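Reader: Before we discuss this model, please show me the sequence and the structure, and then let us go through its parts in turn.

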Amino acid sequence: MASTPDTTERYAGLSNEQLIEMYRQMVLIRIFEEKCQEMYTRAKIGGFLHLYVGQEAVAVGTIGALKPEDHIITHYRDHGHAIARGLDTNALMAELFGKATGSAAGLGGSMHLVDVSKNFWGGYAIIGSHLLMACGIGTALKLQKRPEVVMVFFGDGSTNGGEFYEAMNFSQLGKLPVIFVCENNLFAMGTPIAVHTSVQEIYRKACAFDMRSERVDGNDPIATYEATLRAVEYARSGQGPVLLEAVTYRFRGHSAQDTQKYRTREEVEQYRTRDPNQVFRKRLIDDGVMTEEQAVQIEQQAEVEAQGSVDFADQSPPADEKWLTEGVYANPIEPKF
Amino acid sequence: MAVMTVREALRSELREQLKDDRVFIIGEDIGYYGSTYGVTAGFLEEYGTEKIRDAPIAEAGIIGIGIGAAMLGMRPICEIMSVNFSLLAFDQIINHAAKLHYMFGGQITCPMVLRTTNGWRNLSATHSQSFDPMFAYVPGLKVVAPATPADMKALFKASMEDPDPVIFIEHTLMYGVKGEIPDEPYEVKIGESRVAREGKDLTIVTYSRPVHLCMEVAERLSKQEGIECAIIDLRTIRPMDMSKALESFRTTGRAVVVTEEWESHGVQAEIAARLYEHAFDYLDAPIERVGFREIPFPYATNLEDQVVVTPARIEAAIRKVLA
Ligand SMILES: Cc1ncc(C[n+]2csc(CCOP(=O)(O)OP(=O)(O)O)c2C)c(N)n1
């Protein structure tokens with residue numbers, strides 16, 4: 001289907017193919033995540049599992065505005081970012097199963113997905129830490145006179161620690177090409193935003209550093225995409241970092257173990273009636289960008305891919321025992337007696 | 001005698017402490033969330049936001065607030081969800097909490113208790129560490145790590161009554177462990193070890209969760225082969241009470257040290273050194289140590305199972321020392 005001038009204008013210049021691809025990614029993330037939940041319940045996945053359900057539009061809208069050469073570094077809620085960057089879902093599920101074929105050989109698990117060949121520098125599980133690493137990547141890009149930018153993801157709860165403010169200052173001071181993406185899902189674990197931070201419009205925190213910032217509806221992939229394009233253009237042209245706040249909502253618990261005492265079932269149901277995936281689906285169909293049949297086909301294919309990743313992970317060999325003695329150092333050490 | 005879990009024992013002592021106007025708890029997700037490991041579940045509703053202070057994710061801030069409040073006579077309980085996050089507060093803990101009393105010639109005290117957790121299970125490299133030796137290394141800190149519900153309760157009380165900063169180490173895999181709590185009032189002092197099991201053949205020196213693993217192995221060896229291992233639970237690692245361990249070691253001449261930490265440069269090295277220093281003449285065999293294999297924790301279960309302290313590894317060490 002060719003895009004009419006009318007739709008491309010309302011869709012930030014994106015072609016129908018690109019829009020359908022965005023929908024495909026959102027669906028794949030959703031179905032992959034629901035499979036993860038199921039596999040956690042069946043004890044195929046262990047440890048902490050932080051699902052991205054409800055936040056799909058953020059990953060797809062922001063990462064969609066990057067070039068493949070651009071860099072991504074993220075936190076432990078990383079499945080959505082990995083899938084939007086195009087990491088192999090087989091390797092991702094195998095990682096969650098702790099298998100040798102996993103993206104980090106089964107050593108990292110859910111919180112530490114990685115694929116350096118795709119400029120995806122990993123998920124990190126200590127709040128705030130990777131914001132400073134993003135500044136390091138930005139510094140290297142500048143020193144090496146490279147045209148790429150780096151995008152770093154984190155939550156609203158991660159804007160209260162010192163590292164966040166250090167990163168704001170370092171990046172603005174050095175005019176580093178860093179796009180900070182704060183996914184404000186209204187909770188830090190189970191602590192409501194009004195309880196954990198004094199300024200609840202996170203984007204306003206940038207003003208203390210004279211940093212450019214913007215707040216966007218993170219449940220709208222197109223608005224998120226447009227805001228990110230602006231940010232990327234600004235950062236790539238050497239003007240400095242940008243703080244993007246994408247307001248969203250997570251439908252599932254903080255982790256798979258969360259009893260969710262801090263919010264009502266009604267609140268979650270209320271948000272689910274505005275499910276970003278459903279809203280985007282309807283919008284694309286109503287606007288004639290995608291047909292119902294195409295949507296169904298995408299959904300079926302995503303199911304096949306997600307189930308395929310489970311089968312792949314199931315059949316893969318366990319993590320290699322060589323890691324019990326190797327890998328701690330790039331240049332191994334030996335004690336002497 | 002009431003039977004309680006470690007969690008229940010802690011909850012009951014926290015309630016006792018909260019009766020004191022000077023006491024408040026500050027930490028992440030202790031209130032609205034309902035507490036990560038359930039220790040303070042329901043407390044927010046019961047005690048309100050002044051006493052149960054949900055903190056932003058800012059560990060240095062949590063400890064800094066604890067120190068400052070303690071300086072003015074409060075009795076803060078600072079909760080750091082997992083010991084891995086305490087690293088962000090090391091400046092506050094080591095440069096400040098541990099130093100105030102000495103550095104200002106005794107004018108300032110810091111009666112703060114830092115509750116935190118060791119623990120692991122498929123949590124990978126940054127969420128499965130133990131920093132016991134890093135805390136115990138620092139003059140000015142007291143480090144308490146009990147293994148039983150009764151000791152948790154009594155030593156938490158002792159920590160709260162102490163005028164110095166105390167690092168109180170709990171364990172995510174131990175909250176459900178049950179034990180008896182005496183009905184009559186009882187006391188355990190900081191810096192007093194305990195004989196968890198008598199035995200004439202070998203001395204196991206340990207503390208915290210491995211106490212239970214060692215008991216399991218010792219009971220089995222006793223029943224099946226008549227080998228009698230003594231188990232000394234240190235309960236506190238700074239100050240460290242080696243008197244009971246040495247007393248036992250002087251009769252057995254053989255020792256295994258079991259702790260949850262990487263095997264080099266740690267508390268177990270300190271324990272072994274003190275045994276060698278104070279009972280060298282009684283030594284019948286080199287001391288064996290069991291700790292974490294010296295790699296960051298891998299996520300995969302098949303690997304992690306080979307990194308942690310297990311009954312099988314404890315038994316192998318016992319056999320080696322007895323051979
Ligand atoms: C330094 C540190 N403190 C505490 C934690 C435990 N923790 C993990 S996620 C989390 C909440 C983070 O909330 P937010 O930044 O809003 O991100 P979200 O999980 O909502 O995506 C907490 C407290 C941690 N991982 N690191």
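Author: A charge is taken to sit over a ring if NZ of Lys or CZ of Arg is within 6 Å of the ring centre and within 35 degrees of the ring normal. The model is a predicted one, in which local features need pLDDT of at least 70, side-chain atom pairs count only at pLDDT 80 or more, and totals for chains, interfaces and linings use all residues. Residues are numbered from 1 along each chain as its sequence is written, chains are lettered from A and ligands numbered from 1 in the order in which they are written, and side-chain values use heavy atoms, with hydrogens and water left out.

Reader: Which residue lies over the face of B:Phe24?
Author: The distance to the ring centre of B:Phe24 is 5.9 Å. The residue placed over that face is B:Arg53.

Reader: Over the ring of which residue does the charged end of A:Arg274 sit?
Author: The charged end of A:Arg274 is 5.2 Å from the centre of the ring in question. That ring belongs to A:Tyr271.

Reader: How many aromatic pairs are there over all chains?
Author: Rings of Phe, Tyr and Trp (its six-membered ring) pair if their centres lie within 6.5 Å, and planes under 30 degrees apart count as stacked, over 60 as edge-to-face and the rest as tilted. By this rule, the count over all chains is 15 aromatic pairs.

Reader: What is the angle between the planes of A:Phe164 and A:Tyr165, and is A:Phe164 buried or exposed?
Author: Buried means under 20% relative accessible area, exposed over 50% and partly exposed in between (1.4 Å probe, protein chains only). With a relative accessible area of 1%, A:Phe164 is buried, whereas A:Tyr165 counts as partly exposed at 31%. The two rings form an edge-to-face pair, 4.8 Å centre to centre, and the angle between their planes is 90 degrees.

Reader: How many residues apart in sequence are the parts that A:Phe187 and A:Tyr249 tie together?
Author: These two rings form an edge-to-face pair at 6.4 Å centre to centre, with 70 degrees between the planes, and both A:Phe187 and A:Tyr249 are buried. Helices (H or I, at least four residues) and strands (E, at least two) are DSSP runs, numbered from the N terminus. Because A:Phe187 lies in strand S5 (residues 187-188) of chain A and A:Tyr249 in the loop between strand S8 (242-247) and helix H10 (265-272) of chain A, the parts tied together are 62 residues apart in sequence.

Reader: Which residue of chain B is linked by ring pairs into a cluster with A:Phe187 and A:Tyr249?
Author: The cluster also includes A:Phe251, A:Tyr262 and A:Tyr271.

Reader: At what angle do helix H3 and helix H9 of chain A pack?
Author: Axes are lines fitted to C-alpha atoms, for helices over the stretch in contact (heavy atoms within 4.5 Å), and angles run from 0 to 180 degrees between N-to-C directions. The axes of H3 (residues 56-63) and H9 (residues 221-236) of chain A are 7 Å apart. Contact is made by residues including A:Ala57 and A:Gly61 of H3(A) and A:Pro221 and A:Tyr225 of H9(A), and the packing angle is about 35 degrees.

Reader: How many residues of helix H5 of chain A are buried?
Author: Helix H5 (residues 89-96) of chain A is mostly covered, and helix H2 (16-41), helix H4 (79-84) and helix H12 (292-315) of chain A are among what covers its buried residues. Those buried residues include A:Leu92, A:Met93 and A:Glu95, and the count is 7 of 8.

Reader: What is the strand order of the open sheet of 5 strands in chain B?
Author: Two strands pair if DSSP finds at least two bridges between them. The edge strands, each pairing on one side only, are S9 (194-197) and S14 (288-292) of chain B. The pairing is mixed, and the order is S9-S11-S10-S13-S14.

Reader: Which residue stands opposite B:Val258 in S14(B)?
Author: S13(B) and S14(B) run parallel and are joined by 4 bridges. As 4 of the 5 residues of S14(B) are buried, this strand is largely enclosed by the rest of the structure. The residue opposite B:Val258 is B:Val290.

Reader: Which residue stands opposite B:Thr203 in S13(B)?
Author: Strand S10 (residues 202-206) and strand S13 (residues 255-262) of chain B pair in the parallel sense over 4 bridges. Helix H10 (residues 267-279) of chain B lies across S10, S13 and S14 of that chain, at about 155 degrees to S13(B). Opposite B:Thr203 stands B:Ala255.
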